[in-house]
Amino acid sequence: MRTALLALRLMCLAWLWPVTQLNSSSFPNKRRHKGLYVGENTQQKHGGREDLKMKKLDSTKSLLIKSEQLLRIEEHDFAMRPGFGGSAIPVGIDVQVESIDSISEVNMDFTMTLYLRHYWQDDRLAFPSSSNKSRTFDARLVKKIWVPDVFFVHSKRSFIHDTTMENIMLRVYPNGNILYSVRITVTALCSMDFSSFPLDTQNCSLELESCWYNRLYINFILRRHIFFFMLQTYFPTMLMVMLSWVSFWIDRRAVPARVSLGITTVLTMSTIITGVSASMPQVSYVKAVDIYLWASFLFVFLSVIEYAAVNYFTTVEEMRKLKKAKIPSAYNASQAMAFDGCFHDNEIELTSMAEVSSTANTERNTQARNSTVSGPTEGTRLRRKHPVKKNLRFIMSNSYMIDSYSRVLFPLAYLLFNIIYWSLYT
């Protein structure tokens, strides 16, 4: 009986075993299909059912591969240049000037913003690509690879723009060609020659050099516009010189007017010279603007000296007339002096002066008629009359003629100076 029950149980177990295996193998499919159904329902909720097709993506567009893995950066030592131990690799450099920000004559430098581009080939960065398309990276990858060590010679200051991030671009092609571009502002030294300033042309150069490559020169020819300096320096200087000539038409007895005018023009010229010198470097040679300013200052200074000579000669001549004249006893010398401190013959009654001079001339003529003409006796020296003294006495006796000649000579001399100056420097 027990044997029969045991046999019956074994038969039941043998019958139920295949059914259990069948059900356990069918559960994963149901779960997978259930997940698929749920996904399809979700896609339908968000805009319709999408066609799920597997596409073979290009490696350049794959988001699953990191840049370091694509370029195999960890597999190479990028502290060494490409092809180390062999011949030097060619590196091309392209410079695009964005702007010349400033040019300083005092510091003898110039500041400019430019795009500096490098071209070279590094086979270590080659990657597979079916469409032969490049990949572009930012400054974070540049720090992990080798780049040319190019620097600016005679650079005072330079920096890479970093707003809103570093202005650096790295473009890698599938064959290993690399384009490296950076935006830089650099202040470089420029040895300027100011012999013809401000009518000059400067030749400045930006030099790029590397420890492994030759030096590259980029020359800039800078031509200065003269109109600014004409308004700030030359025209005011010309006006001051012409203003100093106004004193030639003022009466020589108006001492306060002529002296104040002369001093004003001299001080103004000094201010102009000081302002120009402050904006220029301290060089050991003479500049073209210095020649013009100091020549103009000389004309202004000579106009002051001219009036000093006129006033002196006028005073001396009036004093000489007063000494030769017979001054009345009731004459008061202080009444004959003008407010400028000079004697004036039109304020003195010199009626007796004419009588004395006429009487003396009559006596000289009578003695000349009575005397006999005889040759020079032995031991007598013949004296030659000096024309210089004669001319000087004539000028002193006619000091007003100095102003008359100065009205013509000063403008002609200044005009001749301008013709020579502008013909030499333009």
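Reader: What is a salt bridge?

Author: A salt bridge is a side-chain nitrogen of Lys or Arg within 4 Å of a carboxyl oxygen of Asp or Glu. Side chains of opposite charge can pair when their charged atoms come close. In this predicted model, Arg183 and Glu98 form such a pair through their side chains, at 3.0 Å from N to O.

Reader: Which parts of the chain does that pair link?

Author: Distant ones: Arg183 belongs to strand β7 (residues 177–189) and Glu98 to strand β1, and the two are 85 residues apart.

Reader: Is Glu98 buried, exposed or partly exposed, and why?

Author: Glu98 counts as partly exposed because its relative accessibility is 40%, and that class lies between under 20% for buried and over 50% for exposed.

Reader: How many salt bridges does the structure hold?

Author: The structure holds 13. One of them joins the side chains of Arg117 and Asp94, at 3.8 Å from N to O. This pair also links distant parts of the chain, with Arg117 in strand β2 (residues 109–121) and Asp94 in strand β1 (residues 92–104), 23 residues apart. Asp94 is partly exposed, its relative accessible area being 29%.

Reader: What about Glu306 and Arg258: how far apart are their closest N and O atoms?

Author: They are 3.3 Å apart, and the two residues form a salt bridge. Here helices are linked: Glu306 sits in helix α6 (residues 288–324) and Arg258 in helix α5 (residues 255–278), 48 residues apart. Both Glu306 and Arg258 are buried.

Reader: Which residues do salt bridges with shared partners join into one network?

Author: Glu105, Asp200 and Arg224 are joined in this way.

Note on methods. Residues are numbered from 1 along each chain as its sequence is written. This is a predicted model: local features need pLDDT of at least 70, side-chain atom pairs count only at pLDDT 80 or more; totals for chains, interfaces and linings use all residues. Side-chain values use heavy atoms; hydrogens and water are left out. Helices (H or I, at least four residues) and strands (E, at least two) are DSSP runs, numbered from the N terminus. Buried means under 20% relative accessible area, exposed over 50%, partly exposed in between (1.4 Å probe, protein chains only).
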